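Colleague: Hi! Could you walk me through this model?

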Amino acid sequence: MNSKSKNGKKSALGQLLIPLTALAILLLFNLIRDPNFFAIKVAVNNDGNSVLSGNLITIIDNASALAIIAMGMTLVTAACGGQDISVGAVGAIAGSFFVKVLKSGEEITAGSVILGVLVCILAAVAFMMFNGTLVAVFRIQPMIATLILFSCGRSIAYWITGSATPQLNSPIIRAMGMTIPGIPIPTPIFAVVLVGIILSLVFRFTNLRLYTQSVGINQGAARLNGINPTVIKLLSFVLLGVCVAVASMIGVCRMAQLSHKTLLVDVEMDAILAVAIGGNNLGGGKFRIAGSIMGAYIIQMLTTTLYAMNVATVNVKAYKAIVIIVIVVAGSPVIKSKIAALSNKMKSGRQLSTAKGVR
Amino acid sequence: MENRVVSAKELKASKQLDKDVVLAMRGIDKRFPGTKALNKVDFTLRKGEIHALMGENGAGKSTLIKVLTGVHEKDGGSIWVEGVEGEAHIHSPQEAQDIGIATVYQEITLCPNLTVAENMFIGRNKGQMVHWKDYEKRANEILKSLGVPARAKQELGNCSLAVQQMVAIARAVDMNCKVLILDEPTSSLDDKEVQMLFGLMRDLKSRGVGIIFVTHFLEQVYEVSDRITVLRNGELVGEYPISDLPQVELVARMMGKNLDDLADLEEIGQKKTAGEKVVYQAKDLSSSESKPFDFVIHEGEVNGFTGLLGSGRSESVRAIFGADRVTGGDVQVKGKKVNITKPHDAMKAGIGYLPEDRKRDGIIADLSVRENIILALQVMKGFFHPMSKKEMEEFADEYIKALSIKTASQETPVGSLSGGNQQKVILARWLLTHPDYLILDEPTRGIDVGTKLEIQKLVLKLATEENMSITFISSEIEEMLRTCSRLIVMRDRNIVGELTGDQLTQASVMKTIAGGER
């Protein structure tokens, strides 16, 4: 019994080994480079609230939207064996609906915000259902199916709000995007925690994980065991929709304005990368949400580190690419099996030497 | 009885093989984490012989083949190949090919969308210009000389499986292979195709090729082989000329049992006479893949669909389970009318279905043994009622013990188990749901003799002790005669006869299949 659970834990650790190591190396690197990099100070913001500030807080805060989308992307990847590249564009649409509702009244009130949140989630889910239908019912490859909204999503967002860049001046919006008065931690961080908890509750109280993995690994066999693959795939897109909606609201509230051109721009590639860095198979099947979340923080920490090193904005992406090559190659099956063989050898070597010692 | 085997030392001293030996493997060791897959195994292949490599699942046949073809690296021992000076070091399939070891796998590894000629020459011209015209000419010559009924320009996917297999062999032969490994080449062929393949094998044998033949079909071994090497639990049992080892003794050696233990091979249990109560009844049931048919099964009855490959027996049971799109018919389960249009409906009605193609339709390879066992029951409990980890572990434990499934732990991915054990896992999955009616489509295909027997015994036990109704399909008629009390014979997607009681003999089944009854 004991050895069984130990084995299970071991394999879980195995998948998270690469992202954990990458994270540790990045932390260590920053610590050596600048011992004050992780210093956390209490500062007073424009609204007069005392808030925590420092690179670490910035990293965790700025990675929020990415981390949330990466969670949803993990599910779609696992169930469909492909990725949704329209998350940024759908985020822009959802954000536009959110702002449209907020701007419809004279003033932004708690009521209009609640309505806005609901409409935003509904819109994102509806557009994701469109993607999901193409993938699950019409069996179009996810990347092709989501290419449609990827190309036209930001135009749709533009039609909703018009050309203007609406500003949202309200303490509620600031509380949602920055910090709630009296709480020194940025609100988006709580959003990540909340989405994470909700998802883990869903895994705890439903068979979502088992069904999703079964469909992702062997759709035909899953069907013969009474699982409806179409429904499971659609469900993964619905959940991704919810994640995209939350991420888009974080983006809108943080800037206190909407720009359909820049809201969540390029987030799709980072999200896919986060899923991959997390050790998840992009071909579907077994998955680990924690890995993807870690992947998101690694990507953000990399960006922040590079900026802190005064790397010019145009060069950041190139440096990022180099580090990512290393992480992805380190996590590749070839290197993994080499490492496993090496550790096996070391183990048997150790056994030999202890045996000799006894003699 | 055993031939004297030239030891590794002697081989090293003489630095070359005996005249007629093309391949000698000595003291081969192979370890995998936690298990020793091969333990000092010797194997000798002579020129122009068909050498059957036998053993149950997990005996080490595949591992030995993979060591030889460079898929796995050996941990100890040495290999000598004719024409290679000193020991042969094989680190990759390419290196194996280069020294004349060719393999044709069970699953055809050619490209169906290319032509026959393209398949035969692809990847073989190292950096030279390709002259397809010449290749086509040469391909036609080889195909003709081997008697393979295919043309060079034909798309491979349009050929039958047997011909595809023969093209794969032709490719190997043209590469001047000395050692040809055929891994379960006949498992998806019908009798006529098997004969075609055997003809080709004999032809190659006369040309001096050494053939290693891996199969589960005992009769086929005796039909073509000259020699048998038996492995058990990763160790060599012995090498025998075919005439020295009768079939029963071969089975005994593979299983490591005495002949007495095998007395029950013939009578694995008493057949059950069916009860009165109708469990499942279909009228004019049809699906996208099957023509309308009537079918009935009683409580505690074991019946079976028989017929040639493609006669529609699998399609019929798929229609019953709702695996294909059901297009019509009235179905009653225990006297109540039910509508079964998808597998979930059938499961709710108390029907279980073990599919024909274990890899494609049965296992969820990356999931653990535990998850694979509880899957169907979990789905029946519903999306919002996950079982607790403890509950799952108890169920899995119970069935791993009951069916003696060999696995390192519950958490082992089912894909890493041997075929027979994978089949047991799927069987466990359905037994756990306690179905009233269980459909087993080819449960014994591609698994070892011992497990085959276990499964047949289990079928009879379930019918007698738990009153379960079972439909049992097997391409080995003996198995069906042993277990079924009623056989439904199919030909060209139609039911052409029903045999019970005294009619249940091999002769009458064959006759009905062939159409002699009408």
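**A buried helix in chain A**

Modeller: The buried residues of H12(A) are A:Val267, A:Glu268, A:Asp270, A:Ala271, A:Ile272, A:Leu273, A:Ala274, A:Val275, A:Ala276 and A:Ile277. A residue is buried if 20 or more other C-beta atoms, placed from the backbone, lie within 10 Å of its own. Helices are DSSP runs of H or I with at least four residues, strands are runs of E with at least two, and both are numbered from the N terminus. This is a predicted model, where local features need pLDDT of at least 70 and side-chain atom pairs count only at pLDDT 80 or more, while totals for chains, interfaces and linings use all residues. Residues are numbered from 1 along each chain as its sequence is written, and chains are lettered from A and ligands numbered from 1 in the order in which they are written.

Colleague: How many residues of helix H12 of chain A are buried, then?

Modeller: 10 of the 11 residues in 267-277 are, so the rest of the structure largely encloses this helix.

Colleague: And what follows H12(A)?

Modeller: A:Gly279, which has a positive phi, near 85 degrees.

Colleague: New topic: how many residues of chain A are in contact with chain B?

Modeller: 23 residues of chain A are in contact with 27 of chain B; contact is when the C-beta atoms of two residues, placed from the backbone, lie within 7 Å. On the chain A side, helix H1 (2-33), helix H9 (208-217) and helix H10 (219-224) each give two or more residues.

Colleague: What kinds of residues are on that side of chain A?

Modeller: Eight nonpolar, 12 polar and three charged. Here Ala, Val, Leu, Ile, Met, Phe, Trp, Tyr, Cys and Pro count as nonpolar, Asp, Glu, Lys and Arg as charged, and the others, Gly among them, as polar.

Colleague: Which strands make up the open sheet in chain B?

Modeller: Its six strands have the order E15-E16-E17-E12-E18-E19, with mixed pairing. Two strands pair if DSSP finds at least two bridges between them.

Colleague: Why is one side of E15 and of E19 left without a neighbour?

Modeller: Strand E15 (351-354) and strand E19 (494-500) of chain B stand at the edges with a single partner strand each, so one side of each has no neighbour in the sheet.

Colleague: And how do E12 and E17 of chain B run?

Modeller: Parallel, with two bridges joining E12 (residues 302-306) to E17 (residues 469-473). In E17(B), B:Thr471 is the bridge partner of B:Asn303.

Methods: Buried ≥ 20, exposed ≤ 12 C-beta atoms within 10 Å, placed from the backbone.
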